[in-house]
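Thanks for coming. I will go through one structure today, starting with the whole chain and ending on a single residue.

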Amino acid sequence: MKKLSLRTRVLTGAVAAALGAGTFGAMSADASTPAAAPAAAVDADTANRNLQQTTHLTVAAATKAAQATLDAAEKENQRVSVAVVDRNGNTVVTLRGDAAGPQSYESAVKKAYTAVSWNAPTSELAKRLEQAPNLKDIPGTLFLAGGAPVQVKGAPVAGIGVAGASSGDLDEKFAKAGVATLAK
């Protein structure tokens with residue numbers, strides 16, 4: 001068998017890779033090919049011990065809460081940003097009010113995340129820093145007043161964070177207005 005030169009092997013490998021990528025792309029883009037069935041199906045009933053049901057806000061509810069929060073702030077001439085996160089801390093909705101500071105957006109998200117993570121208003125959590133100062137080192141958190149959890153039967157399902165008002169107490173007041181809107 002004849003030994004191929006380095007150049008020939010490299011070119012052959014590159015062509016094979018390109019053909020493989022092209023074939024894969026053509027296969028993955030072909031909508032007429034039926035998808036493979038899952039290897040094993042899990043029975044999706046509540047008696048299955050391998051499953052857990054959770055409650056999440058809809059986008060419509062999160063938007064309603066965020067808008068109510070922003071409206072409450074605007075009534076008091078405060079320029080804020082609002083964030084609503086789901087139970088897992090993922091951002092669902094953010095609204096940046098007119099003329100809100102550039103730092104307010106990220107701070108609102110972090111306050112919402114912190115509130116849902118500990119199922120408590122961030123003003124209460126800020127007080128806990130005296131006993132456990134390294135809490136503030138947890139990534140994505142912000143222990144300043146302005147975050148409020150949204151609860152269903154005492155369990156957190158979302159968090160609302162507000163930042164940019166003239167005080168953390170006002171931020172939290174507006175976040176609680178958003179939570180109250182969801183109770184209606």
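Before the surface figure, one definition: accessible areas here come from the Shrake-Rupley method with a 1.4 Å probe. On that basis the chain exposes about 11,700 Å², and carbon and sulfur atoms supply 56% of it. Please keep in mind that this is a predicted model.

Now the layout. The chain has five helices and four strands. Read from the N terminus, the order is α-α-β-β-α-α-β-β-α. The chain has 184 residues, and 34% of them count as buried. If we take contacts with a separation of 6 or more, 62% are between residues 24 or more positions apart.

Next, the interior. In soluble globular proteins, nonpolar side chains tend to be buried together. The largest nonpolar core here has 20 residues. Which residues have the most contacts inside it? They are Val 80, Val 82, Ile 160, Val 162 and Phe 174. Five elements each supply at least two residues of this core: helix 2 (59-75), strand 1 (81-86), strand 3 (147-152), strand 4 (155-163) and helix 5 (168-182). Helix 2 gives the largest share, six residues. There is also a second, separate core of seven residues, which includes Val 85, Ala 108, Val 109 and Ala 112.

Let me stay with helix 2. It has 17 residues and reaches 24 Å from its first C-alpha to its last, close to the 24 Å expected at 1.5 Å a residue. Its buried residues are Ala 61, Ala 62, Ala 65, Ala 66, Ala 68, Thr 69, Leu 70, Ala 72 and Ala 73. What covers them includes strand 1, strand 2 (91-96), strand 4 and helix 5. After the helix comes Asn 77, with a positive phi near 60°.

Why does Thr 69 count as buried? Because its relative accessibility is 0%, and the cut-off for buried is under 20%. Leaving out residues up to four places away in sequence, Thr 69 touches Val 82, Ile 160, Val 162, Phe 174, Ala 175 and Gly 178.

Apart from its neighbours within four places in sequence, its contacts include Ala 66, Thr 69 and Leu 70. Val 93, Thr 94 and Leu 95 are also among them, as are Ala 108, Ile 160, Gly 161 and Val 162.

That is where I will stop.

Methods
Residues are numbered from 1 along each chain as its sequence is written. This is a predicted model: local features need pLDDT of at least 70, side-chain atom pairs count only at pLDDT 80 or more; totals for chains, interfaces and linings use all residues. Side-chain values use heavy atoms; hydrogens and water are left out. Buried means under 20% relative accessible area, exposed over 50%, partly exposed in between (1.4 Å probe, protein chains only). Contact means heavy atoms within 4.5 Å. A nonpolar core is a set of buried Ala, Val, Leu, Ile, Met, Phe, Trp, Tyr and Cys residues joined through side-chain atoms within 4.5 Å. The expected span of a helix is 1.5 Å times one less than its number of residues.
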